[in-house]
Amino acid sequence: SNATVLMSSVCNEEGKDTDIQLQLDVTPMHPQGGGQPTDTGKISSENGTSVSVKFVSLDRSSDIVTHTCSVSPDDDLNAIMNDFSVGSKVKVFVDADRRRILSECHTAGHVVDSAMAKCGQTLQPTKGYHFSEGPYVEYKGTVPLEERAGLLESLNEAFSSLVDEDIETRIETLIKDDAEAICNRLQQNFDFSGYEREVRIVTAANMSSPCGGTHVRSTGELKARGWNVVGIKSKKGAVRVRYAPSS
């Protein structure tokens, strides 16, 4: 992806490696947030100099995305800053393998929501943790100890069924009122008071929710790695449904 540097600076905190921070006019990289970890990759200058992107962040008050990039101690920092000076043309490369696993992980979290509904569970979702290390979806409520094993078995069956159906993922930007009507049609799951006029809505496994993350094209793409629900915990008014790939 082609981009232009709008800001470049050196980030040199005491006791830490030297990094540079770049802000671009456009970027294909997903910043960390919404339960999904940061994309990584590299940014290359017209002279062929490349820096590794280790963290991408979004300032929600300004909508500015910052790429924090690693600089080797052996690199000529002045030359790098010259190659990535304001106005420089660059190419941005996303780590495709990492993006793929994170997209699968995020879609699988949405499939958990749909599987819960399929099993007659109407608990309100409160948190999604879509990191590849120990992902889960959390709900408000409780599941009695004696019911958890049965629910886990039912969720496994529902999740597998949704994957086998190969349901297409749909992403659209809707006016807030329309988004709220779609996402809260069954029950009041989502609070839209913090949104202004438009909302990005992801519909995965026929379940719609406000989401800014990356996703695979359909539930069938979760089959190869064997994603499914692996555990349920219920404590202090919160139910945590863990999910993971089998391979």
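Is Lys233 buried or exposed? Lys233 is exposed, because its relative accessible area is 53%, and the cut-off for exposed is over 50%, with buried meaning under 20% and partly exposed lying in between (1.4 Å probe, protein chains only). Those areas come from the Shrake-Rupley method with a 1.4 Å probe, and for residues only the protein chains shown count as cover.

Before we go further, a word on what you are looking at. This is a predicted model, in which local features need pLDDT of at least 70 and side-chain atom pairs count only at pLDDT 80 or more, while totals for chains, interfaces and linings use all residues. Residues are numbered from 1 along each chain as its sequence is written, and side-chain values use heavy atoms, with hydrogens and water left out.

Let us start with the overall picture. The chain has four helices and 13 strands, where helices (H or I, at least four residues) and strands (E, at least two) are DSSP runs numbered from the N terminus. The C-alpha trace spans about 65 × 40 × 35 Å along its principal axes. Of the 247 residues in the chain, 43% are buried.

Now back to Lys233, which sits in strand E12 (residues 228-235). Together with Lys235, Lys236 and Arg242, Lys233 belongs to a patch of positive charge on the surface. Such patches are made of residues with over 30% relative accessible area and no salt bridge, with like charges joined within 9 Å and nonpolar side chains (Val, Leu, Ile, Met, Phe, Trp, Tyr) within 5 Å. Lys and Arg count as positive and Asp and Glu as negative, while His and the chain ends are not counted. The place of each charge is taken as NZ of Lys, CZ of Arg, CG of Asp or CD of Glu.

Lys236 lies in the loop between E12 and strand E13 (238-244), and Lys236 counts as exposed because its relative accessibility is 80%. Phi of Lys236 is near 50°, a positive value in a residue other than glycine. Most residues other than glycine have a negative phi. Ala205 also has a positive phi, near 55°. Ala205 is found in the loop between strand E10 (198-204) and E11, and Ala205 is buried, with a relative accessible area of 1%.

Next come the charged pairs. Side chains of opposite charge can pair when their charged atoms come close. Here a salt bridge is a side-chain nitrogen of Lys or Arg within 4 Å of a carboxyl oxygen of Asp or Glu, and by this rule the count comes to ten salt bridges. One of them joins the side chains of Asp19 and Lys54, at 3.0 Å from N to O. Asp19 lies in strand E2 (residues 19-24) and Lys54 in strand E4 (residues 50-59), so this pair ties together parts that are 35 residues apart in sequence. Asp19 counts as buried at 8% relative accessibility, whereas Lys54 is partly exposed at 40%.

Leu77 is found in helix H1 (residues 77-83), and Leu77 is partly exposed at 27% relative accessibility. The C-alpha atoms of Leu77 and Asp19 are separated by 9.6 Å, although the two residues are 58 residues apart along the chain.

Arg100 forms a salt bridge with Glu221, the closest N and O atoms being 2.7 Å apart. That pair links distant parts of the chain, with Arg100 in helix H2 (residues 96-118) and Glu221 in the loop between strand E11 (207-210) and E12, 121 residues apart. Arg225 forms a salt bridge with Glu104, with 2.8 Å between the closest N and O atoms. Again distant parts of the chain are linked, as Arg225 is in the loop between E11 and E12 and Glu104 in helix H2, 121 residues apart. Arg225 counts as partly exposed at 28% relative accessibility, while Glu104 is buried at 3%. Salt bridges that share partners join Arg100, Glu104, Glu221 and Arg225 into one network.

Finally, what about the cysteines? A search of the whole structure finds zero disulfides, a disulfide being a pair of cysteine sulfur atoms within 2.5 Å. For Cys69, the nearest cysteine sulfur, that of Cys11, is 11 Å away. Cys69 counts as buried, at 0% relative accessibility.
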